[in-house]
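Visitor: I would like to go through this structure with you and ask, at each step, what a given description rests on.

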Amino acid sequence: MLTRAATHEADEFSRAAVVELAPAKINLALHVVGQRPDGYHLLESVVTFADIGDRLALSPSAEDSFGLSGPFSASLRADAGNLVVRAREMLRSWLQEHGQDAPPVAIHLEKNLPVASGIGGGSADAAAVLKGLAQLWDDKITDREMAALALALGADVPMCFAGIPSLARGIGEDLLPLPDLPSLHLVLGNPLRSVSTPEIFARLACKQNPPIGNISGDGWISLLPHLRNDLQAPASALVPEIGDLSELIAGEGALLTRMSGSGATCFGIFSSRGAADEAAERLRALRPNWYFQPTTTISGAPA
Ligand SMILES: C[C@](O)(CO)[C@H](O)COP(=O)(O)OP(=O)(O)OC[C@H]1O[C@@H](n2ccc(N)nc2=O)[C@H](O)[C@@H]1O
Ligand SMILES: Nc1ncnc2c1ncn2[C@@H]1O[C@H](COP(=O)(O)OP(=O)(O)OP(=O)(O)O)[C@@H](O)[C@H]1O
């Protein structure tokens with residue numbers, strides 16, 4: 001039976017004018033190759049997207065509103081600092097400056113992804129708001145201008161807006177699609193300790209690490225074991241559970257385990273969806289207070 005809160009949430013989505021999935025972002029590899037004078041780090045990252053994530057419902061309304069529900073909503077406030085509200089206001093300001101309408105809108109966020117966990121939940125939400133409002137407001141904004149707004153919201157927002165497997169360079173905004181990156185069966189795991197991205201970058205011992213280099217065709221998968229996440233060592237020093245988590249996932253038969261983004265989420269690659277589902281179930285039994293989620297990532301091949 002649905003509780004009253006769950007019924008209300010179901011209504012938000014069934015009645016919404018636009019529903020957007022905000023998929024988890026996974027950095028299959030993340031090399032830190034330099035630093036800009038403004039302190040931002042230069043990256044080379046193989047990025048893909050899960051089939052699970054947050055969900056957003058958007059509808060025209062008499063006045064602006066923003067509501068939250070879902071398993072991780074308690075970690076967030078529905079205030080002006082939320083990336084959902086910041087994305088709405090950024091697009092609205094741009095449209096109004098360019099003589100276009102941006103009428104009030106009701107937005108509801110179902111927060112399914114752990115917060116500050118290296119899988120870009122906030123960035124995915126911001127990107128989903130930009131996409132949803134573009135539809136609702138029928139705005140006239142070029143792809144280039146939208147990409148600039150996305151980047152102003154966060155280094156990960158342009159890749160989440162693009163939503164396709166990519167090699168991300170620059171500070172994450174320079175995107176090269178990877179049409180040969182196949183769909184992968186993963187288990188995502190998180191010890192439910194939030195990690196601050198700037199703190200992990202600040203603890204990085206070396207800012208100039210070997211780059212990924214040029215790879216094309218089906219070379220990506222055989223290359224992955226040779227790649228790294230340069231943020232994994234500083235994140236593991238701060239959050240020792242990352243080491244345990246990675247070993248636990250490997251112990252369930254993962255072909256490869258690695259941390260995503262600035263952590264603490266780690267992923268394991270499994271041979272099939274069935275193997276990933278079973279591993280996630282065993283991991284939940286081993287660590288009932290941690291987060292484990294099987295997922296199948298999207299493929300890079302055009303639909
Ligand atoms: C680690 C990644 O998740 C990899 O995809 C991203 O680079 C982080 O992207 P994000 O969370 O959207 O980052 P932002 O919100 O733009 O930046 C948060 C902070 O992370 C650091 N930061 C972020 C991105 C980057 N290329 N270099 C950095 O040094 C900066 O201290 C910045 O103040
Ligand atoms: N809608 C939102 N969802 C998640 N975090 C948000 C949101 N709005 C603001 N934030 C803030 O943004 C910060 C980063 O959260 P997020 O979940 O995007 O981190 P992350 O997964 O580590 O991201 P990344 O992989 O991009 O570094 C947190 O401190 C959080 O309080």
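Visitor: How do the residues of the shell around ligand 2 divide into nonpolar, polar and charged?
Guide: In this predicted model, the shell comprises six nonpolar, ten polar and two charged residues, where Gly counts among the polar ones. In all, 18 residues surround ligand 2, and the closest are L83, G121, G122, D156 and G261.

Visitor: How do you know that the span of helix α10 agrees with its number of residues?
Guide: Helix α10 (residues 273-286) has 14 residues, which at 1.5 Å a residue should span 20 Å, and because its end C-alpha atoms are 20 Å apart, the two values agree.

Visitor: Why are A276, A279, A280 and L283 called buried?
Guide: A residue is buried if 20 or more other C-beta atoms lie within 10 Å of its own, and in α10 these four, A276, A279, A280 and L283, are buried. They cover an arc of only 105° around the axis, so they are on the same side of α10, whereas G274 and A285, on the other side, are exposed.

Visitor: What do the buried residues of α10 pack against?
Guide: Their partners are β7 (185-190), α9 (241-251), β9 (266-270) and β10 (291-296).

Technical notes: Residues are numbered from 1 along each chain as its sequence is written. Chains are lettered from A and ligands numbered from 1 in the order in which they are written. This is a predicted model: local features need pLDDT of at least 70, side-chain atom pairs count only at pLDDT 80 or more; totals for chains, interfaces and linings use all residues. Helices (H or I, at least four residues) and strands (E, at least two) are DSSP runs, numbered from the N terminus. The expected span of a helix is 1.5 Å times one less than its number of residues. A residue is buried if 20 or more other C-beta atoms lie within 10 Å of its own, exposed if 12 or fewer, and partly exposed in between; C-beta atoms are placed from the backbone. The arc is that of the directions from the helix axis to the C-beta atoms. Two residues are in contact if their C-beta atoms, placed from the backbone, lie within 7 Å. A residue is near a molecule or strand if its C-beta atom, placed from the backbone, lies within 6 Å of it.
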